[in-house]
Amino acid sequence: MSVKYLLLNINLLFFASFAFADATSEVSDIRNDLINWAVTYRKVGDEPRKTVAEYLALLNSDGSFSDKSSTIDVMTGRLVFMAQAFKDDPSWKENIHLKTNLYTAVQYWLNHDPGNSGWTAGCFNEPSSMDSIGLCLYNAIQQDKIDHPETTSQLDTLVSGMVDWANAAWTVASEGETFAGANIAYRLMGMIGRAALANSPEMFNEISNIVASTFTVGDYHALGRVADSSWHQHNIGGGQEYWQGYGSDWLNITRNSCKYMKDSRWKLTSSQLNIFADCILDGWQWQIYRYQGAYPLGGRHNLIKNALYSNYIVGQIYLLRNYAGSETLIRDDELQLAKERIENSGNSSSYPSFDASKFFYRSDLMIHGRPYHYVAVKMLSNRTSGPESGSGLGKKNYYMGEGSTMIFKSGDEYKNARVGWNFRAIPGTTVEQRAGSLPLVNWGLNAGSDNTYAGGVSDGHYGLCAFQLERSYYYSRTTANKAYFFFNNEFAAIGSKINKNPSSSYDVWTTIDQPERKTDITYSIGGKFLHTISLSTDVQMNFNNITNGAWFYCNDKGYIIFPDSNGVNIKLWAENRVGDWYDLDDRYSSTAVT
């Protein structure tokens, strides 16, 4: 019995050793695939950049540079540049003088570590920079250990020092939101590069588990995927819909990073690839009409000049299919339809929009699509928030989620108009027309609401939704009940119990629409005469105490107003305006636009 038991142990040990060797071989393959990434990884800082020869001339014998101390940008700029030249520049490739000086310079930098920069560069860029250096030198180091065994200890110390430093991808800002959702995806290349440099199957096991965690479905206030196929991130004020930003980044970067593990045991599973397809079809694609994303759903990037993530989704479908290869994508036919619809959005007669309706209950969001129009209503509750601002981006977003109602027909109604918008008159909102700057909602701060009631329902073709407007922040004291009913080629928006701060002298407006005007305006007040305002004419017209209704037609869209017996005051403004994109987003220089 003891002999049999001993033989069984030997067999198990042999099998475990064989499996480990096989895993190490897979790590080697991944490392080889990473070389192209390493030699092209972006260099950051230490500019203007000198030549390799000039840097070598500045090196002291101990590995220090005579012109600069061991700063972060010496590593992310200078040492990355020199290592990439050693690996790939025909003038310096495999140059012994450059190699030996790089060994000394990198070791000196590690010995005089200036410290990690912290969130965000210290989690994303800096670990990847160190990985890039190590991977560019890796094969040379292994060969030198064979050719010059007396250097083995020194070279092992160098490699382990780089591996330890790159651990920041795991350990820096590793609690809460900074290590969840898309913020994990941003770290992945730093993790994968480090695991390859360390030659560690165990690290790849951990990476695989971390990636898997981002596919899980969370509850309210969770980061990442939630049960209705929304994507939430930066939820200080409540769950913030963010497919057009963090969600699409998660999908793209996770797939792109994991392609280096595609032929290994750590590849994305068939289930995970099909979840990507579900995310595109059940979440992301709903937020795009023709070539345009819905602005209340773009987070702090929603006020950029260009269309939001239009054809980007087409590329993601292609790349997902390419990664899947022979793996079965269960909904591939639906992916093809989505691809054709968005890719050919300019040819609306041949490729109409989707014909469906969906309420995203975790985001208080109704999407109602028809082949030739699209409506997105973003409501608020004490569980959700509208798009954020932050870092000088999305500076006018305070009211953007407050019942905003984007009515798309052509798809570009609002693209150019936003620079001249009154951001207290966002389509669909009910807002007091105060003066002065709007509050910021940086990272979701000041974006919360007190109302519990917000909800909706859809049978997939028709739908309705409603909410009680009641913001938490002191700046907003207007309250209202608002409801929306969606049919075939029309929808109805109804408001009641609209109240404002009794001490305020400002009017409260409910704005129907604020598009770029591209046609004449035809209208009728009280069922009487037809009137036309030519495209070249500017007007500011006020119609007071209208009790018999009114209608307006512009840009191939019609608007009908049904007042109650007390009457309603209507404002029709058609005008040229001057705006500045810098007032919306710091990424632009300050220039007046008409």
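Trainee: Which residue in S20 stands opposite Ile-525?

Mentor: Happy to! Ile-525 faces Ala-550 in S20. Before we go further, keep in mind that this is a predicted model, in which local features need pLDDT of at least 70 and side-chain atom pairs count only at pLDDT 80 or more, while totals for chains, interfaces and linings use all residues. Residues are numbered from 1 along each chain as its sequence is written, and side-chain values use heavy atoms, with hydrogens and water left out.

The helices (H or I, at least four residues) and strands (E, at least two) are DSSP runs, numbered from the N terminus. Two strands count as paired if DSSP finds at least two bridges between them. Strands of a sheet pair through backbone hydrogen bonds, either parallel or antiparallel.

Now to S17, residues 521-525. S17 is joined by four bridges to S20 (residues 550-554), and the two run antiparallel. Ser-524 has Trp-551 as its bridge partner in S20. Ser-524 also stands opposite Leu-530 in S18. S18 covers residues 530-533, and it too is antiparallel to S17, with four bridges between them. S17 and S18 make a hairpin with four residues between the strands, where Gly-526 in the turn has a positive phi of about 65°.

Zooming out, the open sheet has four strands in the order S18-S17-S20-S21, with antiparallel pairing. S18 and S21 (557-561) are the edge strands with a single partner strand each, so one side of each has no neighbour in the sheet. From one strand to the next the twist averages 15°, where axes are lines fitted to C-alpha atoms, for helices over the stretch in contact, and angles run from 0 to 180 degrees between N-to-C directions. Four of the five residues of S17 are buried, so S17 is largely enclosed by the rest of the structure; here buried means under 20% relative accessible area, exposed over 50% and partly exposed in between, with a 1.4 Å probe and protein chains only.

S12 (residues 454-458) and S13 (residues 463-469) pair in the antiparallel sense over five bridges, with Ser-458 opposite Gly-463 in S13. Four residues lie between these strands, and Gly-460 in that hairpin takes a positive phi near 95°.

For burial in a helix, turn to H10 (residues 188-198): ten of its eleven residues are buried, so H10 is largely enclosed by the rest of the structure. Among the buried residues are Leu-188, Met-191, Arg-194 and Leu-197. Just after H10, Asn-199 takes a positive phi of about 55°.

Loops have buried residues too. Ser-504, in the loop between S15 (491-499) and S16 (508-510), is buried, with a relative accessible area of 16%. The C-alpha atoms of Ser-504 and Glu-432 are separated by 8.8 Å, although the two residues are 72 residues apart along the chain.
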